[in-house]
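Here is a short briefing to read alongside the structure.

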Amino acid sequence: MSSPTGRREAMACLTGRGVSKRASCRYLGFSRRVEGYELRQPKKDQELGARLMETAQQFPRFGYRRSAAWVGEGEDRVKRLWSLMGLSLPRRRPRRRRCGSDMRLLGAVKPNHVWSYDFVHDRLAGKRTFRMLCVLDEHTRECLAIEVATSLTSQDVILTLTRLMRLYGKPEYIRSDQGAEFTASRVMKWLRDQNVGPAFIPPGKPWHNGFVESFNGKLRDECLNREWFRDLREARTLIENWRQFYNHQRPHSALSYKAPAQARLEMSKIGVGFAV
C-alpha cells in the first residue's frame, strides 16, 4: 500500500462502502491529493518505452532479455518497463518431463566441428505443402542454409552439402535423425568419400538433436507462423530474408546476445580452429 496505486486502491475500497473521501484519507493517514496524483514517467523512460513497443510489434516473440540486447539497454531497466507496459508473453505450458536418463552425443567444440540438419514442413496459401532442409553449425548457431522446395530427395541433400562445404569447409560430423533422405545409401557413400562422419540420433529421441530442433521452433515461431506464402517463390524469398536476419542481426542468448555471424567472425579472429 506504499505505492500510489496501492493507496488509490485502498481509498477506493473505503469510498465504495460509503465512506467519504475526506474521512478515508484521515483514517488511512493519506494526503487528500493521493486520489488525483498521476505517476509521471521520466522522459528517458518514455523514449525507451516507445522503442520497446516498436520492438515488440516488429518481433513479437522477443522477450525482455533479447529486446534489451536489440535496443542496447540494461536488462534491469528494460525488465521494469517491459512489465509496466504489459509486454510479457503468456507462459507456455511446460512439457511433461521424461523419466530416467540416457546418454547424449557430445556437442561441437569449434566451428565446423558438428553440423546438424533436419526437415521442416509447411503449407502455401493454396494448401500446397512444401519442405525445408535446415542446416546449422552447432558451435556458432549459424544457419548455413534453408533449402525450400515442394520435395527434397537424398540427391538434394548431397547438392546442398556440396555447396555449403565449398563456402564454409568440411565439418567433421553431421548430426541428423534417421530419416530416409539422410540414411540413403548414396548419401552415406558420399559422406564416406568426403571423410565426414554421420552422427545419427536414436529413433524417437529428437532431444538428441536439440540445436536444430530449437532452431526449427524459432523458424516456425518467428517466420512461418507470421507469413502467408502465396507461392513457392515468395516462400523462398521471405524465408531467406529471415535466415539472413537470424544470422546477422538477431541476438542469440547462447552467444551472449550476439548474432551468429558475428560470433563466427570473432572466433576466427581469436584463432578458434575451423575444420577444413
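This is a predicted model: local features need pLDDT of at least 70, side-chain atom pairs count only at pLDDT 80 or more; totals for chains, interfaces and linings use all residues.

Residues are numbered from 1 along each chain as its sequence is written, and side-chain values use heavy atoms, leaving out hydrogens and water.

**Helix pair**
- Helix α9 (residues 210–224) packs with helix α10 (residues 232–248) at an angle of about 120°, and their axes are 11 Å apart.
- The crossing of α9 and α10 is right-handed (the near helix is turned clockwise from the far one by less than a right angle).
- Phe215, Lys218, Leu219, Glu222, Cys223 and Leu224 of α9 meet Leu238, Ile239, Trp242 and Tyr246 of α10, contact meaning heavy atoms within 4.5 Å.
- By class, this contact has eight nonpolar, no polar and two charged residues.

**Asp122**
- Asp122 lies in strand β1 (residues 114–123) and is buried, at 16% relative accessible area (buried means under 20%, with a 1.4 Å probe and protein chains only).
- Leaving aside residues up to four places away in sequence, Asp122 touches Arg128, Thr129, Phe130, Met132, Arg220, Leu224 and Phe229.

**Cysteines**
- The whole structure has zero disulfides (pairs of cysteine sulfur atoms within 2.5 Å).
- Cys134 is in no disulfide, and its nearest cysteine sulfur, that of Cys143, is 5.8 Å away.
- Cys134 is buried, with a relative accessible area of 0%, and Cys143 also counts as buried at 0%.

Conventions: Axes are lines fitted to C-alpha atoms, for helices over the stretch in contact, and angles run from 0 to 180 degrees between N-to-C directions. Helices (H or I, at least four residues) and strands (E, at least two) are DSSP runs, numbered from the N terminus. Ala, Val, Leu, Ile, Met, Phe, Trp, Tyr, Cys and Pro count as nonpolar, Asp, Glu, Lys and Arg as charged, and the others, Gly among them, as polar. Buried means under 20% relative accessible area, exposed over 50%, partly exposed in between (1.4 Å probe, protein chains only).
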